[in-house]
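Subject: Structure handover

Hello,

Here is the structure for you to look at. My notes follow below it.

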Amino acid sequence: MSSTVPRWFSTLSLSMKQLGRLPWLLDALPSLPAPRGTVGASEVPSLFREPYILSGYRPVGQDWRCYILSLFQRHNELLNVWTHLLTVPVVLLRCGAFVGAQGLTLEAPSLPLLLYMLSALTYLSFSTAAHLLQSHSELAHYSLFFLDYVGVGVYQYGCALAHYFYGSEAAWRESTVGTLYLPGAALLAWLSCAGCCFAKVRYRRPYPLLRKVYQLVPTGLAYVLVISPIAHRLVVGSWHDSTLTRHALQVLFFLTAAIFFSCPLPERLFPGCCDIVGHAHQIFHIFLALCTLCQLEALLEDFLAQRHSMLQVHREGHLLLACASFPILVFCCAVTAGAMCSSVQKQLRLKHE
Ligand SMILES: [Zn+2]
């Protein structure tokens with residue numbers, strides 16, 4: 001004890017000396033630019049305006065660091081950013097704890113689950129980046145939302161893999177839908193990404209109804225297919241099963257999210273009142289994050305139930321082929337988004353000439 005006290009004092013005095021040097025340290029750091037105050041809808045180009053959102057826009061053309069610092073500024077994208085940004089560590093910690101506790105490795109039975117986890121983290125991170133940084137310029141707006149759509153396609157196929165290998169019944173897998181499920185899901189995931197990118201490039205505000213058709217038809221069809229093994233279980237299974245309750249919740253949360261994605265409610269009823277908090281896209285993000293969290297819990301339980309019988313139920317070659325399609329899909333989505341990006345770049349160059 002007698003030697004501990006002097007040691008404690010010497011540590012404290014060392015820390016005080018270091019604190020004394022802090023102002024010098026802060027001076028040495030590059031000074032960060034302060035984000036400009038938000039502006040009204042009429043002060044940003046029409047591309048950045050959202051229907052019935054009248055204020056809270058970040059000015060276009062600031063330094064990239066201003067948009068990063070806008071994480072702590074009051075603006076109309078703030079909750080769109082934080083809803084998905086906060087879900088990333090929740091998913092990451094839950095997945096990390098599960099992988100550690102179960103000792104998961106890159107073996108065939110765990111691969112669909114690991115790819116599903118990766119796909120969820122991908123869509124959440126890409127969406128966060130898009131909403132945080134899109135106001136930088138027109139090109140940044142297009143490029144980052146194309147990235148967001150790549151995340152959507154990748155997540156759809158990640159869900160399809162996990163639903164098929166851990167969440168489907170044998171009777172459903174033997175049906176026509178079950179036979180065509182994985183190639184169909186991969187195709188529709190790519191079409192969702194391509195359809196959303198195309199609609200973004202093709203149409204200008206005020207958007208015609210056809211734009212929603214290009215966005216919603218492939219994503220809607222993809223969802224109907226991707227959820228079909230779970231829907232089948234919900235119809236034939238016992239509702240006393242807690243895993244099925246979690247799957248029912250993921251469906252309920254997704255359908256609620258889809259309603260708010262399709263209709264600009266409540267801002268249509270109260271224009272200008274939901275600019276910072278409460279507009280439809282924020283509600284859509286919250287329900288989508290809840291859907292992912294319920295889906296993750298349900299799939300972890302399904303995985304534990306199926307893990308040891310996986311290679312008796314599914315041929316290893318079939319499983320590996322389905323998982324190998326994942327990087328191919330990522331590549332196809334990335335190439336499509338890249339092609340759309342160069343088309344936008346050309347259009348913007350012509351516009352400014
Ligand atoms: Zn979003």
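Helices are DSSP runs of H or I with at least four residues, numbered from the N terminus; strands are runs of E with at least two. This is a predicted model: local features need pLDDT of at least 70, side-chain atom pairs count only at pLDDT 80 or more, and totals for chains, interfaces and linings use all residues. Residues are numbered from 1 along each chain as its sequence is written.

**Annotated site**

UniProt, in an unreviewed entry, lists His131, His281 and His285 under "binding site". They are spread over 155 residues of sequence but cluster in space, with a largest C-alpha distance of 11.2 Å. UniProt positions use the numbering here, feature names are shortened, and annotations may be inferred rather than shown by experiment.

His131 lies in helix 5 (residues 111–133). His285 is in helix 11 (residues 280–306). Buried or exposed? A residue is buried if 20 or more other C-beta atoms lie within 10 Å of its own, exposed if 12 or fewer, and partly exposed in between, with C-beta atoms placed from the backbone. His131 has 25 C-beta neighbours inside 10 Å, so His131 counts as buried. His285 is buried because 24 other C-beta atoms lie within 10 Å.

Contact means C-beta atoms, placed from the backbone, within 7 Å. Residues up to four places away in sequence are left out, and His131 then touches Glu77, Asn80 and Val81. With neighbours within four places set aside, His285 contacts Asn80, Thr83 and His84.

**Nonpolar cores**

A nonpolar core is a set of buried Ala, Val, Leu, Ile, Met, Phe, Trp, Tyr and Cys residues joined through C-beta atoms within 7 Å. The largest one has 69 residues, and Leu161, Ala185 and Cys193 touch the most other members. Helix 6 gives the largest share, 17 residues. Apart from this core lies another, of five residues, including Tyr67, Leu78, Val81 and Leu132.

**Helix 6 against helix 9**

These two pack at an angle of about 20°, with axes 10 Å apart. Axes are lines fitted to C-alpha atoms, for helices over the stretch in contact, and angles run from 0 to 180 degrees between N-to-C directions. Helix 6 and helix 9 are therefore roughly parallel. Angles under 35 degrees count as roughly parallel, over 145 as roughly antiparallel, 65 to 115 as roughly perpendicular and the rest as oblique. On the helix 6 side, the contact includes Gln156, Cys159 and Ala160. Helix 9 brings Ala222, Val226 and Pro229, among others.

Best regards

Key:
Contact = placed C-beta atoms within 7 Å.
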